[in-house]
Amino acid sequence: MTSTTASKPRRPDFFILGAPKCGTTSLAAWLGAHPSVFMPAVKEPHFFNTDDRQGVASLAAYQRLFDKARDTHAAIGEASVWYLSSAVAVANILRWQPQARFIVMLRNPVEMAPALHAEMVLGGHENVRDFRAAWDLQDRRRRGEHLPAFSWAQRRLLYGEVCSLGAQLERLLAAVPAGRVLTILLDDLARVPRGEYLRVLRFLDLPDDGRAVFPVHNRARMARRPGLTRALFVAGEIKNRLGIQLRWGVWDRVAAANETVRPRPLPSPDTIALLRRHFADDVALLGTLLERDLRHWLDPEAHAPCPRKHALV
């Protein structure tokens with residue numbers, strides 16, 4: 001007789017920490033399709049970053065995300081892109097899951113900062129559409145000034161801090177043995193996706209599932225009418241704060257129709273130069289931690305070194 005008894009509840013044993021706009025969504029989707037991996041249907045629960053807005057606010061609700069994980073799943077994980085920049089998320093994870101493994105997605109911050117700003121505009125969190133103007137507001141926003149009305153994402157608008165990945169990785173490595181941390185550069189993921197995917201599988205002690213196609217998820221998107229995006233966000237926040245229970249199917253369709261997939265405009269040359277100066281020390285730190293030459297991120301005359309070699313099978 002076939003047993004119908006449910007398996008013992010499982011906890012995630014690996015976490016994709018982010019960072020935002022670094023390929024996290026794609027990697028999580030690829031892993032979620034692996035037969036030996038369980039990833040929850042809820043994307044980015046953000047339960048452990050208690051210094052930020054949580055996507056799932058109670059432990060009971062968080063644990064329910066993994067109810068369908070079974071003994072056949074050799075690895076159970078979740079991906080929340082704001083864990084890496086959080087000052088408390090990793091410590092909270094380790095208290096609950098002391099043997100957790102961590103995957104960190106990384107990117108040139110000179111590219112990441114404008115991409116993150118565009119994402120904040122698209123989500124309605126950012127009301128300053130020009131990246132340089134938003135960048136110049138960071139000091140005042142850190143003091144609680146010039147924040148968008150109804151915004152709860154103050155720290156997410158501090159683009160210089162969120163994109164300082166060297167400092168964030170250094171903090172992680174001070175709390176977790178290096179053998180339980182895997183770093184992935186978006187550059188490598190784009191050039192040799194199967195090679196990086198196999199590195200992840202080896203890190204998680206998983207067999208190769210033969211994946212040969214690596215679709216890109218969460219491509220660069222822009223709002224056709226940013227003002228409409230912002231209005232939808234404010235209306236949603238008002239609804240939530242008033243406790244109004246309404247189905248927003250029509251509004252969701254309007255929001256989706258307002259998005260278009262297209263390359264984002266590049267910042268001006270002087271803004272790019274400013275970003276290179278701002279992130280110079282952090283990129284040097286990241287290169288030291290990774291034992292990789294990242295000077296080409298900052299120097300337009302430098303040639304990028306050859307990507308890491310992979311056994312592509």
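**What the words rest on**

Author: The chain's secondary structure comes to 13 helices and seven strands; helices (H or I, at least four residues) and strands (E, at least two) are DSSP runs, numbered from the N terminus. This is a predicted model, in which local features need pLDDT of at least 70, side-chain atom pairs count only at pLDDT 80 or more, and totals for chains, interfaces and linings use all residues. Residues are numbered from 1 along each chain as its sequence is written, and side-chain values use heavy atoms, with hydrogens and water left out.

Reader: What makes Lys21 buried or exposed?

Author: Buried means under 20% relative accessible area, exposed over 50%, and partly exposed in between (1.4 Å probe, protein chains only). Lys21 has a relative accessible area of 13%, so Lys21 is buried. Asp205, at 63% relative accessibility, counts as exposed. Of the 313 residues of the chain, 49% count as buried.

Reader: Why is strand β4 (residues 101-106) called largely enclosed?

Author: Six of its six residues are buried, so β4 is largely enclosed by the rest of the structure. Both faces are covered: Arg101, Ile103 and Met105 are buried on one side, and Phe102, Val104 and Leu106 on the other.

Reader: How do you know that β4 pairs with β1 (residues 14-16) and with β5 (residues 181-185)?

Author: Two strands pair if DSSP finds at least two bridges between them. β1 and β4 have three bridges, in the parallel sense, and five bridges join β4 to β5, also parallel; therefore both count as pairs. Phe14 stands opposite Arg101. In β5, Ile184 is the bridge partner of Met105, and Leu185 that of Leu106.

Reader: Which strands are at the edges of the sheet?

Author: The open sheet of five strands has the order β2-β3-β1-β4-β5, with parallel pairing. Its edge strands are β2 (37-38) and β5, each of which pairs on one side only.

Reader: What makes the buried residues of helix α8 (residues 165-175) lie on the same side?

Author: The buried residues of α8 are Leu165, Gly166, Gln168, Leu169 and Leu172. They cover an arc of only 160 degrees around the axis, which puts them on the same side of α8; the arc is that of the directions from the helix axis to the C-beta atoms. An α-helix has 3.6 residues a turn, so residues three or four places apart point the same way.

Reader: Which residues make the contact of α1 (residues 24-32) with α10 (residues 193-203)?

Author: Contact means heavy atoms within 4.5 Å. Leu27, Trp30 and Leu31 in α1 meet Pro193, Tyr197, Val200 and Leu201 in α10. By class, this contact has seven nonpolar, no polar and no charged residues. Ala, Val, Leu, Ile, Met, Phe, Trp, Tyr, Cys and Pro count as nonpolar, Asp, Glu, Lys and Arg as charged, and the others, Gly among them, as polar.
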